[in-house]
Each structure stands twice: as structure tokens, then as C-alpha cells.
Amino acid sequence: MTAQKDPDTRDRILRAASRLLTEAGGEPVSTRAVCTAAGVGAPTLYHHFGDKRGLFDAVAARGFEEYLASKRAQGGTGDPVEDLRRGWDLHLEYAVTHPAFYTLMYGTPRTPAAAGEAYGILLGLVEAVAGAGRLRVPVATAARMIHAAGVGTALTLIASPSGAAADREASVRTREAVLAAVTSEGGDPAGTPLAARAVALKAALGSAPPAGLTASEAALLGEWLDRLAG
């Protein structure tokens, strides 16, 4: 049976690479070791994955699937800021329970497709906060801030011995500091800051573009709203 007709071979290589990655404790894993563990030759490995990067991108996606499944299944609480908070906690929990896969996803200069999907889920949570009129800054800015803070905190926890209690407390404080910087309390719309109203309006227009504006007018309005949000 040829490699093209043997998906089990690909799965066996992935399982071997995943096991070696977990057992390596942060040390590099060679394609030679993967081939030996999977019982295949290097040409077979490269046929399925192209190169070493392709292999470990696939390993990262496989290992991250559990996390993505939990993110996709995350139910809403009715409070978009609380949903964002729960998303942060889920992200950090995955990092400390699957450090090898998390480091492969975020501790190397790569952007696997699974990381892009995870970021898309974060954007959705942030857009919900914006739609509720509770986002102080533009959606893209808030998402970048939360992502950068979350990844940095996660990698710090991974590097700490057993996720030291002090570092976990720092994670909570960081989470609350970032949320305080990008969100506002709900309440009377009349008391909502102008920036938050601008962000909310742009989010609403993004989901339902106004039919009465040309593309140029809509772009100009978006630029004005960004300036007000800033």
C-alpha cells in the first residue's frame, strides 16, 4: 500500500511525535527519533508532512484539538466580560496541563492554523463585549492586548516549578488588570463612555453593514469611530 493510501501511517507518525514531545521535557525532538519510534523511514515522514516544521505544525494542531474543542463548546454566561474571563482561565489551564503542546504552539516563531482558530475565538469573545457597549478600545487592540498578556502569562507559568502559587496569583491579577484596561462596567447607556459607544457602534456596523452608505462612506465612518475609540 502506498503512503498516499495509508492514513494510518500518518497517524502513527503523529502519535509517535506527540509522545516524544511530551517525554522530552522541553528538549528538541529530532525527525530521526520520530521515524524510529514510528517505524518508518525519513522519506515516508517527509511524504506526509513535507518537512520538520510541517510535522510539528501537525503535532501542535493534534495536541491543541482538545483545547479548541473546549473553546468551541464554551457556553455563554450572559455576561460577555465574564465569558472573556472564563476564556482566559481556559487558555491558562490548557497551558499548565499541556506545556509541551502549548510551547510548540506559542513558544516558537510559528503560527499553526490551530493558533489562528484559537485567536478567532478570542476575537469573537471580544466582539461580544464590544456589542454590549463595554469595550473601551477597538476590538483588534483589545484582542492583541489580551492575547499578548495571556501568552506571556502562560509561558511564565510553564517555566515555573509546578505552576507556583505565587505565579497563579499573578495570573489572576494580570487577567483582571487587562480586563480593567479594555472593558467597562455595564449600566445606563447614557453613562457609557464615548469611546465604548464608538467601539459598540463599529461592532454593530460590522455585523450588519448599513445599506444606505457606499463602501467609501462606510470606511470613512469606521475610521472616525476608530479615532473616537482611541
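**The core and the salt bridges**

Reply: Start with the largest nonpolar core, which has 57 residues. Val-34, Leu-55, Val-59, Phe-64, Val-126 and Leu-135 touch the most other members. Keep in mind that this is a predicted model.

Me: Take Val-59. What is Val-59 in contact with, leaving aside neighbours within four places in sequence?

Reply: Leu-14, Ala-17, Ser-18, Leu-21, Phe-101 and Leu-104.

Me: Which residues of α1 are buried?

Reply: Thr-9, Ile-13, Leu-14, Ala-16, Ala-17, Ser-18, Leu-20 and Leu-21.

Me: Why would residues three or four places apart point the same way in an α-helix?

Reply: An α-helix has 3.6 residues a turn, so residues with that spacing point the same way.

Me: OK. What covers the buried residues of α1?

Reply: The cover includes α2 (31–38), α3 (42–49), α4 (52–72) and α6 (99–106).

Me: What span should helix α1 have, at 1.5 Å a residue?

Reply: Helix α1 covers residues 7–23, which is 17 residues, so it should span 24 Å. Its end C-alpha atoms are 25 Å apart, which agrees.

Me: And what comes just after α1?

Reply: Gly-25 does, with a positive phi of about 60 degrees.

Me: New topic. How many salt bridges are there in the whole structure?

Reply: A search finds 10. One of them joins the side chains of Arg-85 and Glu-176, at 2.8 Å from N to O. Arg-85 is in helix α5 (residues 80–97) and Glu-176 is in helix α9 (residues 165–182). The pair links distant parts of the chain, 91 residues apart.

Me: Are those two buried or exposed?

Reply: Arg-85 counts as buried, because its relative accessibility is 18% and the cut-off is under 20%. Glu-176 is partly exposed, at 29%.

Me: What does Asp-89 pair with?

Reply: Asp-89 forms a salt bridge with Arg-175, with the closest N and O atoms 2.8 Å apart. Asp-89 lies in helix α5 and Arg-175 in helix α9, so this pair ties together parts 86 residues apart in sequence. Arg-175 counts as buried at 11%. Asp-89 is partly exposed at 35%.

Me: Which residues are linked in a network of salt bridges?

Reply: Glu-82, Arg-85, Asp-89, Arg-175 and Glu-176. Within that group, the side chains of Arg-175 and Glu-176 meet at 2.7 Å, N to O.

Definitions and conventions. Residues numbered from 1 in each chain as written. Predicted model: local features only at pLDDT ≥ 70, side-chain atom pairs only at ≥ 80, totals over all residues. Heavy atoms only, no water. Core = buried A, V, L, I, M, F, W, Y, C linked by side-chain atoms within 4.5 Å. Buried < 20%, exposed > 50% of the residue type's maximum accessible area, 1.4 Å probe, protein only. Contact = heavy atoms within 4.5 Å. Helix = DSSP H or I, 4+ residues; strand = E, 2+ residues; numbered from the N terminus. Expected span 1.5 Å × (residues − 1). Salt bridge = Lys/Arg side-chain N within 4 Å of Asp/Glu carboxyl O.
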